[in-house]
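Here is a briefing on one protein chain. Look through the sequence and the model before reading on.

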Amino acid sequence: MPHEVIRHSELQRITDLIEIDERGTRIVEIVGEPGAGKSFLLSALARRAEAGGLSVLSARCAEHDPDIPCLPLLAALGAMTDPAEPALRLHRSLSAQGRSRHPEHDPQVLEAFRHMLRTSPARTLLLLDDFHLVDPATLALVRALIRSVAGVGLVVIVAHRPRPIPPQVRCFLDDAEPMPGVRVELLPLNADCAARLLRMDEANAAVGELNRAAAGNPLYLLTLAGQRRAAQLELGETSLGSRVLAELAGLDPDQVHVAEAAAVFGEPVDIDTLAFLTRLGTHRSCRATNIVLERDLLRRDPATGAVCFRHPLVRDVVAAHTDHHRRKAIHRRAADLLGRRGAPAVTLAPHLEALDDDALRPEYRHVLYRAALDVLERDPRRAVRWLETVLLRWPEGCDRDHENDSVRIALIRAYLASGRQPQAVKLLREIRSSARPGAAAFGAVAAAALGTPGVLEDPRSPGAGALDPSMTAVSRGAVRFLRGEPLTVGEWGELRRVATRAGSRIERATASALLATQSVWNHDRGTDDGVPACAAELDALTDADCEEHPVCWAALGWAEALSGDPAAAERHFRRGLSAIARSGDVHLRPVMVAGAAYAYQELGRFAEAAELCAEAAPILPELAHSGFRALLTGLEARNSAVMSSTKTASARYESLATRWPRCSRWGRVALLTLADAALLADDAELCAALILRAGGGTELREIPAALLPCCFQALAGASARAFAVPARWVDCATDTAARAPQQQAFVRTAHGHLEHSRGDVGSAAELYGQAAELFAEAGMVGAQTRMLLQAAVVAGQAGQCATARTHLQLARQLARECGAAGLHRAAVEAEAGLARDGARGEPNVALLPLTDRERQVAQLISNTGMRTRELADHLGVSPRTVDAHLTRIYRKLGITSRAALVAVITGRLPPGERYL
């Protein structure tokens, strides 16, 4: 262990006990599990005591040799550096005892001890480690010494395990005289101590995980950390391994055989099982087990009577040390016994895996396969081992089609779940020649999800076998969907036949979901009814019904998300994520995660979207093709813009977008999310450019119909900011909007941009407020918050300060609830600006004497700097009419120039004062 002291509180407590009474006699008992740090704590006490001028005698007890009584005391005296004459005299007296087992009755020994203590310039510490192994002579001498040297300053500190503790030792500690002993227990390490021991940050999740696995034991903690750093760590060469092997060395052959059988068996084991595994018989096994229990290698469960090792690492050391042939024999006996008992496949599998037979019996192959499926979700690496064992030991000449394809599909899933994509792709290529239709269909869908070129891209490709027509249609539709490609006319017709004819319910529902997604992209108004009908059809199915085609949840979720129903989409994506976690179809995780994060953002649940993306980030780059990676990057950029407490720069967005595939629908959705992120970063020009790029031109033909009102209102806003007329985009938003609340909200927003560009800030503020209410009705909290902010800013420009403050108060509350730190910051800044304007007398109040048209002209001049002819073109009037408006404005405000007008509006010049 490192020399840094970890147990500061225990060390300080014992130090305080030593210093309480300088001439008194005291016993301190340190109790801790093996590896808890007792020896390290004694060493730290010895160093601190020696640095303070105290005399220290330190030794470790061991199984006693009857020929050498008091060996620990002799060792402690012999280890002293530059001992004084009294210490040498005591050593000679003890050595002269020879074979005497009762030195406590020898007056010369006691007198030599007392003389050494009295002549010591400071207190003496007697430190005895592993006190549960103390020999009777040492125990008796220490007891006699404590009773006869009162007032000479002796502190006896003993360290021992909580079990086993011999009765005579327990009696000595409980009945200590003249002063009762003090017990110090070494409790499991807390997170702070574990982090310091590992030299890691306490916030690191690995610290808590390792400390829990180690049960707070420092020795186990360091060993587990070493295993994490070096996967092939030899336990026998570690500090823990050397200690455990030393304990094994003290056992006789029967006891070693029992320990090895328990270690290889791996589970808590009863005496009858041990007798069967060791072939020792019940009587010998029971006797040997009791000794191993006394040595604390094994411990008994009082509830069941079964025995197990004190920690799994101890078991692993013993198992690794067991002879290979003996280990194999124990595994075979365990497999036979557990098989007769009807044990679960997961319990049997470790023993079957260890058998190095060239060919596994069919029943063993089936057990390993079922066990791998059982553990695939929680332990994919173990599933990989068991499935590889099945394939490697497949007997020659055995049918390799149906059963073997099932194993290979499960192995592909396990490879992907454990992050081994190259092995998965290699196996995907192998099943190209499969005659089993299901294997070819699975391979096609998995290859499309992974973006792997040339691997079963077409489920009807040569060598794929004769597929069922329904399976062919559904698989091809799933491949198109995952690639982000449109269905051909023929594929559309095939899916329509599957969706409408009698047959498999899950195939019909999956075909309907794929058709619904295609309809959403094709601007088909019939999807208003088709998507809910498809959802009802899938909701009626159980999870088991959907196992064959889990892609159905992804297709339905995206159809709902892109048609403006994020709440339903989130529910179905969540169900899909649960389904693929159970089935092991990890290749579908990117499309599910991206969809769920998209739905969360639309609902204003930004923290949940960020959490989902963060959980999936380590594996998604290896599993997702470029379209999904682009989409996830866009979602993260939008989340960052909303949640960041500082303003996000949009400079990197353009370079990101140029690398994304525009030929894929996923790439186009990614561009739209990035455009929204650019808008949040106040880069309206980039926002418009990205929308037009995603839509394939000004008509936005490549964007789903339900997203068009949102895109057109964003283009209207960008035009208004660029001092261009946004009427065209406003008309487009109006023409493409359905009756859904969120789509009508985007229409109101677009009209608000138009009125704002014309200088009618009052009407604009009212329209933005109406849009916020519609977003609230649709449950889109994020969009509602953003619209409240915009309404508040424009209301402030119109002099409607009370309305602006109301909007900002609600916006701040909503932003805090949905974790949108960026929107909250914007609301706070807007409130501060409103307060500054109020302190200057609310400059927009100066425009109250003007008519609406005059106020519109004044705002346009202040906001845009337009000249007279530009104003006339913008308002659709003649230049002479604009001049007439300006003349009346100047007269009412008492000014004579445009510069003065801008100064009045911004509050730099009160009305009526001449502008110099």
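This is a predicted model: local features need pLDDT of at least 70, side-chain atom pairs count only at pLDDT 80 or more; totals for chains, interfaces and linings use all residues.

Residues are numbered from 1 along each chain as its sequence is written, and side-chain values use heavy atoms, with hydrogens and water left out. Helices (H or I, at least four residues) and strands (E, at least two) are DSSP runs, numbered from the N terminus.

**The sheet**

- Five strands form an open sheet in the order β2-β3-β4-β1-β5, with parallel pairing; two strands pair if DSSP finds at least two bridges between them.
- β2 (55–60) and β5 (182–185) are at the edges with a single partner strand each, so one side of each has no neighbour in the sheet.
- On average, neighbouring strands of this sheet are turned by 15° against each other, direction ignored.
- Strand β1 (residues 26–31) pairs with β5 in the parallel sense over four bridges, and E29 stands opposite R183 in β5.

**Helices on the sheet**

- Helix α3 (residues 71–78) packs on the sheet and touches β2 and β3 (124–129), where contact means heavy atoms within 4.5 Å.
- The direction of α3 makes about 135° with that of β2; axes are lines fitted to C-alpha atoms, for helices over the stretch in contact, and angles run from 0 to 180 degrees between N-to-C directions.
- Helix α7 (residues 167–174) lies across β1, β4 (154–160) and β5, and runs at about 130° to β1.

**Aromatic rings**

- The structure holds eight aromatic pairs; rings of Phe, Tyr and Trp (its six-membered ring) pair if their centres lie within 6.5 Å, and planes under 30 degrees apart count as stacked, over 60 as edge-to-face and the rest as tilted.
- The rings of F131 and F172 have centres 5.9 Å apart and planes at 45°, so this pair is tilted.
- F131 is in the loop between β3 and α6 (136–148) and F172 is in helix α7, so the pair ties together parts 41 residues apart in sequence.
- Both F131 and F172 are buried (under 20% relative accessible area, with exposed over 50% and partly exposed in between, using a 1.4 Å probe and protein chains only).
- F712 and W729 form a stacked pair, 6.0 Å centre to centre with 20° between the planes.
- F712 lies in helix α36 (residues 708–721) and W729 in helix α37 (residues 727–736), so the pair ties together parts 17 residues apart in sequence.
- R728 lies over the face of W729, at 4.6 Å from the ring centre; a charge sits over a ring if NZ of Lys or CZ of Arg is within 6 Å of the ring centre and within 35 degrees of the ring normal.

**Nonpolar cores**

- A nonpolar core is a set of buried Ala, Val, Leu, Ile, Met, Phe, Trp, Tyr and Cys residues joined through side-chain atoms within 4.5 Å.
- The largest core has 135 residues, of which F481, L482, L538, W558, V591 and I691 touch the most other members.
- Helix α34 (residues 665–680) supplies the largest share of this core, eleven residues.
- Another core, of 87 residues, lies apart from it and has V258, A262, V317 and V407 among its members.

**A loop residue**

- T238 is in the loop between α10 (218–229) and α11 (239–249), and is buried, with a relative accessible area of 14%.
- Not counting residues up to four places away in sequence, T238 touches T223 and L233.
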